[in-house]
Amino acid sequence: MKKLLLFLLLLAIAPLATQAQTREIYTNNNFKMLAQSHKTLAILPFVVKLQLRPQEVAKNGGPEGVARLEQREGLDVQQALHSYFLKQKSSNDLTVDVQDPTRTNALLAQSGLSPEQLATQTPEQLALLLGVDGIISGTFASTQPMSNGAAIALSLAVGMSGPTNTGKLLINIHDGKSGELLWKYDKSLTRGFGSDTNTIVTTIMRKASRQFPYSREFKG
C-alpha cells in the first residue's frame with residue numbers, strides 16, 4: 001500500500017515539476033523579429049554575491065577579501081559561459097558568435113567602467129560600446145564559492161522536502177538596439193557533486209539548451 005501511495009504521489013507532482021521548469025525560462029514573444037540580424041553577443045562579468053558565514057568571511061580576508069573573491073568568480077562565470085558557447089559553436093549548434101571576454105573586459109576597462117558601474121549602463125549603451133548585437137549578463141548568489149571545489153548541482157523545487165538551496169543563478173540576454181529582454185533563465189541551485197566553475201556552468205546550460213533561442217535545436 002505504501003508503495004502504491006508513493007507511486008501515486010510521484011504521478012501527481014510530475015506535472016508540477018514540468019510547470020516549474022517552464023516558468024524558470026522566459027523567451028520574448030518577438031525574439032525572432034528582434035534578433036533576426038544578430039551576429040555577435042558579448043558576455044559581461046557576472047555579479048556574484050556570496051552569503052558566507054562570519055568565520056568564512058574572516059577566512060577569505062574579511063569583507064574586502066570577499067569582494068575580491070566575488071569579482072574573481074564573476075569573471076570565472078563569464079569565462080565558463082564563453083567556453084560553453086565556443087563548444088556549441090564548434091559543433092554547429094549556435095547561430096551567433098560570442099565575443100572573447102578578453103576583448104569585452106578590455107573595452108570596458110578602456111571606457112573607465114568598473115564592474116560596479118556596469119549596472120548604470122543600458123543594454124543599448126553597452127552593445128554600442130562593445131560593438132555587439134546583444135548583451136548577456138547575470139547574477140550568481142551562493143552560500144559557497146564555486147571556485148573552491150564545493151559541489152553545486154541543479155535542483156528543481158516541487159514542494160517536497162529536500163536539500164536546502166545554496167544558490168541562485170540568473171542569466172539575461174538583452175537586445176542591443178531596443179534594450180528589450182530577449183531571454184531569461186532563473187535557476188535555483190543546491191550543493192551536490194561538482195568540480196569547478198566550467199563543470200557547473202556547463203551542467204546548468206545543458207539543462208536549458210533546448211530552450212536557448214540561439215540554439216539550432218530551439219523550436220520556439
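**View 1. Helices α4 and α5 sit oblique to each other.** The model is a predicted one: local features need pLDDT of at least 70 and side-chain atom pairs count only at pLDDT 80 or more, while totals for chains, interfaces and linings use all residues. Residues are numbered from 1 along each chain as its sequence is written, and side-chain values use heavy atoms, with hydrogens and water left out. Helix α4 covers residues 62–90 and helix α5 covers 101–110; they pack at about 140 degrees, with their axes 10 Å apart. On wording: angles under 35 degrees count as roughly parallel, over 145 as roughly antiparallel, 65 to 115 as roughly perpendicular, and the rest as oblique. Axes are lines fitted to C-alpha atoms (for helices, over the stretch in contact), and angles run from 0 to 180 degrees between N-to-C directions. Helices (H or I, at least four residues) and strands (E, at least two) are DSSP runs, numbered from the N terminus.

**View 2. Who touches whom between α4 and α5.** From α4 come L75, Q78, Q79 and H82, and from α5 come P101, T104 and N105; contact here means heavy atoms within 4.5 Å. Sorted by type, the residues of this contact are 2 nonpolar, 5 polar and no charged. For that sorting, Ala, Val, Leu, Ile, Met, Phe, Trp, Tyr, Cys and Pro are nonpolar, Asp, Glu, Lys and Arg are charged, and the others, Gly among them, are polar.

**View 3. α5 against α6.** Helix α6 (residues 123–130) packs on α5 at about 105 degrees, with the axes 10 Å apart, so the pair is roughly perpendicular. T104, L107 and L108 in α5 meet L126, L129 and L130 in α6. This contact comes out as 5 nonpolar, 1 polar and no charged.

**View 4. The two sides of α5.** P101, T104, L107 and L108 are the buried residues of α5, where buried means under 20% relative accessible area, exposed over 50% and partly exposed in between (1.4 Å probe, protein chains only). Looking down the axis of α5, the buried residues fall within an arc of 130 degrees, so they line one face of the helix; the arc is that of the directions from the helix axis to the C-beta atoms. These buried residues pack against β2 (40–43), α4 and α6. T102, R103, A109 and Q110 are exposed on the other side of α5.

**View 5. The ends of α5 and the loop beyond.** After α5 comes G112, which has a positive phi near 80 degrees. In the loop between α5 and α6 you'll find P115, which is partly exposed at 38% relative accessible area. The C-alpha atoms of P115 and Q71 are 7.9 Å apart, although the two are 44 residues apart along the chain.

**View 6. α6 and its buried face.** Buried here are P123, L126, A127 and L130. Viewed down the axis of α6, these residues fall within an arc of 100 degrees, so they line one face of the helix. Just after α6, G131 takes a positive phi of about 70 degrees.

Key
A polar contact is a pair of N or O atoms within 3.5 Å; within protein, one must be able to donate a hydrogen and the other to accept it, and residues adjacent in sequence count only if both atoms are side-chain atoms.
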